[in-house]
Number of protein chains: 2
Amino acid sequence: MQTVAFCNPPVILAAACIVGPREGEGPLQGFFDKVLDDMYYGEKTWEKAEQKILEETMRLALQKTSLKTEDIDFMLAGDLTNQIIAANFTARNLAIPFLGLYGACATMYEGLVLGSVLIDGGFARYVLVGASSHYATAERQFRFPTEQGVQKPLSAQQTVTGAGAVVLAARGQGPRITHATVGKVMDFGTGDASDMGAAMAPAAAATLLQHCQDTGRRPDAYDLIVTGDLGLYGRELVIKLLEQREIKLLDNYQDCGVLIFNRDTYAGGSGCACSAVVTCGYILNRINQGEIKNFLGIGTGALLSTCSCLQGESIPGIGHAVAIEAG
Amino acid sequence: MQTVAFCNPPVILAAACIVGPREGEGPLQGFFDKVLDDMYYGEKTWEKAEQKILEETMRLALQKTSLKTEDIDFMLAGDLTNQIIAANFTARNLAIPFLGLYGACATMYEGLVLGSVLIDGGFARYVLVGASSHYATAERQFRFPTEQGVQKPLSAQQTVTGAGAVVLAARGQGPRITHATVGKVMDFGTGDASDMGAAMAPAAAATLLQHCQDTGRRPDAYDLIVTGDLGLYGRELVIKLLEQREIKLLDNYQDCGVLIFNRDTYAGGSGCACSAVVTCGYILNRINQGEIKNFLGIGTGALLSTCSCLQGESIPGIGHAVAIEAG
């Protein structure tokens, strides 16, 4: 049993998201709170820009409620930069008791799981959860110096620039988190940092199967299932992996990485912000509009490290699922 | 209120720790489960050695109970390597649902906080918590290439090589975690990676004061208070900061970084493993022997990043406190 069913499902009181220029040109452009026209966002470095984006997003989520930073019991956040500096400096500036997370691109969903546990367990009234990524900070940290302009294969994904944040509460109006399925780290031996969808697909499929087994639900119980950032090819792998188990995923299965960009962006989006901004912007909006009643999100993370890759290790993946019901 | 009081205090069913050669020569040598005689531990790289140490420590903690990996509901772990690779690969090999943490050197205590929340909230029966660090992986990642042999100032600390792990349970015999105080990120503007005690002392002092305020306890309510890895000078700063608030810390206040090494090791130990092995080895042993009845541990972390330091940022700190009572 990897799934927790919440007795008093935590409410998503408010959500916010900010994205970069390219994300703002994509098909979901109408769903974001703010679209930046500059990757530096007035800062001297991309890392400082990412921190500013995360902090502003967290503050924006708070502003949508009547709450102040002093009302928030715990902040849970993480990002892709080494030592999660965007989250650390945001936590310093917000001065909320802070628990730092590293779940690679699944960090937002890891935060939703633990935030829900804190609320449902009676340990907190309000929890602020957030995650960020930035194309340029990720690119130079994980791949090549950005200025080098290395050509990419079609299986590559574009790290989403942006941040998402939610305010979770014990009471109030809004969508509710009913279940959380914590994933295991899965490793099918892929080692290509330009094909992260393949690295994460087995973990996403395993978490989805486990969620169905633990809850007795079938995938068609959900109006929409999304994975975090598998991209075009990773999404196809999940469909195939489930077919092997005689489960047919219908049109209700999508991937945030496929949804976010126009089709000229390799295999789609990736990064902590991919599932964060699509969930906080597009999906919660559609839930609040009554267009989606039952939603299952599976945050996916590729546990990529330049250090372990250079030492001959493969890239394992992880997926955490969260079920959300319209309020 | 940053403090959670557990209604059904989680039990520390078992603990394990493994340390490197230098830690094994220190004053606590009799309290560790295993002392390595080689920093590589039979592996080709220090990073692989650290992962092996963490995995073996987690398995050892499990072996001390009658539990198997399948019995464990969640694993919480982290370390200092970029993208917490020691924890990720350990989670892959143990195949336990995994939540990755980054709390710098406070990671073990962050894990104890969240592990206790999962148990006390009724979300898990058994949680495995662990953290590791390795002198050589930390040195080359955060400071200088190890082979360069850069001379260090006396305020520098030695990253502890080793790992600690505990099995937390809802029932059973053993010491119990009664309270947890989640810290805020504090920043007094220090920027010296060779004086981490100064970076963390304000956070440790703030968490201790907050814990006392929230629980109505005074520091002398505890037989022993330890901070995680402030070292000689950081410990003195905490004593001074509390004196300013007219609280006198007595002989019952120690620091894991001061306890672990012989006095020829700069200002003492640091790293995730510092508080982890001193707590899992020395302190839990003394609690189980009846020598300590009430214990308060404050895991401390310096949110150091080479990237943010090179971009002119200071080094903020954090401290998470956990109160443990003899079983």
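**Notebook: the contact of chain B and chain A**

I looked up the contact first: 51 residues of chain B and 51 residues of chain A take part, where contact means heavy atoms within 4.5 Å. The model is predicted, so I note that local features need pLDDT of at least 70 and side-chain atom pairs count only at pLDDT 80 or more, while totals for chains, interfaces and linings use all residues. Residues are numbered from 1 along each chain as its sequence is written, chains are lettered from A and ligands numbered from 1 in the order in which they are written, and side-chain values use heavy atoms, with hydrogens and water left out.

**Entry: area and pairs across the interface**

I read a buried area of about 4300 Å² between chain B and chain A, with carbon and sulfur atoms giving 66% of that area. Buried area is the accessible area (1.4 Å probe) that two parts lose on being put together, summed over both.

I then took the polar contacts (a pair of N or O atoms within 3.5 Å; within protein, one must be able to donate a hydrogen and the other to accept it, and residues adjacent in sequence count only if both atoms are side-chain atoms). Between chain B and chain A, 18 residue pairs are in polar contact, both residues being at pLDDT 80 or more. On the side of chain B that touches chain A, the elements giving two or more residues are α2 (46-63), α3 (85-94), β5 (98-100), α4 (107-120), α5 (135-142), α10 (306-310) and β14 (317-325) of chain B. Helices (H or I, at least four residues) and strands (E, at least two) are DSSP runs, numbered from the N terminus. That side of chain B has 27 nonpolar, 15 polar and nine charged residues. Here Ala, Val, Leu, Ile, Met, Phe, Trp, Tyr, Cys and Pro count as nonpolar, Asp, Glu, Lys and Arg as charged, and the others, Gly among them, as polar.

**Entry: symmetry**

I superposed chain B on chain A by a rotation of 180 degrees with 0.0 Å of shift along its axis, at RMSD 0.0 Å. The two copies are therefore related as by a two-fold rotation axis. Of the contact residues of chain B, 100% recur in chain A, and the same surface serves both copies.

**Entry: salt bridges**

I counted 26 salt bridges over all chains, a salt bridge being a side-chain nitrogen of Lys or Arg within 4 Å of a carboxyl oxygen of Asp or Glu. Six salt bridges lie across the interface of chain B and chain A. In one of them, B:R92 pairs with A:E313, with the closest N and O atoms 3.7 Å apart.

B:D187 forms a salt bridge with A:R92 at 2.5 Å between the closest N and O atoms. This pair runs from the loop between β9 (176-181) and α6 (196-215) of chain B to helix α3 (residues 85-94) of chain A. B:D187 is partly exposed at 22% relative accessibility; buried means under 20% relative accessible area, exposed over 50%, partly exposed in between (1.4 Å probe, protein chains only).

B:R143 is partly exposed at 22%, whereas B:E139 is buried at 6%.

**Entry: A:T3**

I located A:T3 in strand β1 (residues 3-5) of chain A. A:T3 is buried, at 9% relative accessibility. Its side chain makes polar contacts with the side chains of A:T181 at 2.9 Å and A:D214 at 2.7 Å.

Methods:
Least-squares fit on C-alpha atoms with pLDDT ≥ 70 in both.
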